[in-house]
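Biologist: I would like to learn how to read aromatic rings in a model. Please take me through it step by step.
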Amino acid sequence: MHLENLVLRQFRNYKEQELTFDNKVNVFLGENAQGKTNLLESILLLAVAKSHRTTNDKDFISWDAESAKIEGRVEKHGQSVPLELTLTQKGKKAKVNHLEQKKLSQYVGNLNVVMFAPEDLSLVKGAPGVRRRFINMEIGQMQPVYLHDLSQYQRILQQRNHFLKQAQIKRKHDSTMWQILTEQFIEVAVKLTKRRADFVKRLEQFAVPIHFEISRELEHLKLEYKPSVELEGSDTAEWQANLYKKMESIAQREIDRGVTLIGPHRDDLFFYVNDQNVQVFGSQGQQRTTALSVKLAEIDLIFEETGEYPILLLDDVLSELDDFRQSHLLAAIQGKVQTFVTTTSIDGIDHVTLNDATTFWVEKGMVTKK
């Protein structure tokens, strides 16, 4: 899979820009605050209809425009597929092969990407919400039906929280409505939890050997998906029954607090190196190695799931990695993954992957091929 071209209209600081790419490595060079990250953000949006920087659609639109548009042509499985995403202050419209998609979950998955940026270090040391967002985005790319389930879960969670808040205020509740909302909640919660646990288990299989190699065979990595309540039982029906019992036991606490206290919205992902929690006890180097290992593992997992390697976006991370990690990253992608790199300079980075790259110069929202 590779991105053949990209067209931006009124996106961030780009009025109108059209680019054609090499199917191996493309480097965006330029000073800070010129628009390099905006380019990678546009590719990420074209893939998953979400940004790593903001959830507000109006942030993408040039200040003097009413809408922004991102277009790209993706080569996958021997076919060229045009994608289009229009961003307005009222939301997004997505097209595949010039046909508008009724739901974004029908659009996502046509272009698979893995992004690695300095803020991805927060995947290891940041808040649980960062890791849940990572899990949601990666599963959603490979299994778009997951996005439908997630949207349904968020809607039911909102309804249930509203019910609990009203019950807190009135100091009484409708037990029939509690049962209906709780059963609906549990049905979708168990689906999400099972998919997440499966995803983390598969991701771990790829991440462990990568981490072992990057750590010079000194460290063993372990990933653990930690639901807010353990799913006990051998099948879905048993999981649902046990979760219902748990929610019954905390019903009054939830009413007192006016909020749903357990469920996928409170789950977390833990990383262990040599059986020590990296979030708590790991050095900055160990945290970076863990984040890098997980990102490289994503590439192999997506290939296993879809039959094609995803596109890799590296936003100013080479300067954040030491020479050994840099070399390992560049060697891992060489010849198999179309890669987009942003950096202020490639001086001092001596690797054949970058020596053979197509280079673009970015200045004040204008891109020229070097």
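Biologist: Is Phe28 buried or exposed?

Modeller: Buried means under 20% relative accessible area, exposed over 50%, and partly exposed in between, with a 1.4 Å probe and protein chains only. Phe28 has 0% relative accessibility, so Phe28 counts as buried. Phe21, at 8%, also counts as buried. This is a predicted model, where local features need pLDDT of at least 70, side-chain atom pairs count only at pLDDT 80 or more, and totals for chains, interfaces and linings use all residues. Residues are numbered from 1 along each chain as its sequence is written, and side-chain values use heavy atoms, with hydrogens and water left out.

Biologist: How many aromatic pairs does a search of the whole structure find?

Modeller: A pair of aromatic rings is described by the distance of the centres and the angle of the planes. Rings of Phe, Tyr and Trp (its six-membered ring) pair if their centres lie within 6.5 Å; planes under 30 degrees apart count as stacked, over 60 as edge-to-face and the rest as tilted. The search finds ten pairs. In one of them, Phe21 and Phe28 have ring centres 6.3 Å apart and planes at 80 degrees, so the pair is edge-to-face. Ring pairs also link Phe21 and Phe28 with Phe340 and Phe360 in a cluster.

Biologist: What kind of aromatic pair do Trp178 and Tyr244 form?

Modeller: Trp178 and Tyr244 are edge-to-face, with 5.8 Å from centre to centre and 65 degrees between the planes. Trp178 counts as buried at 7% relative accessibility.

Biologist: Which ring does Lys222 lie over?

Modeller: A charge sits over a ring if NZ of Lys or CZ of Arg is within 6 Å of the ring centre and within 35 degrees of the ring normal. Lys222 lies over the face of Tyr272, 5.2 Å from the ring centre. Arg160 lies over the face of Phe185, at 5.5 Å.
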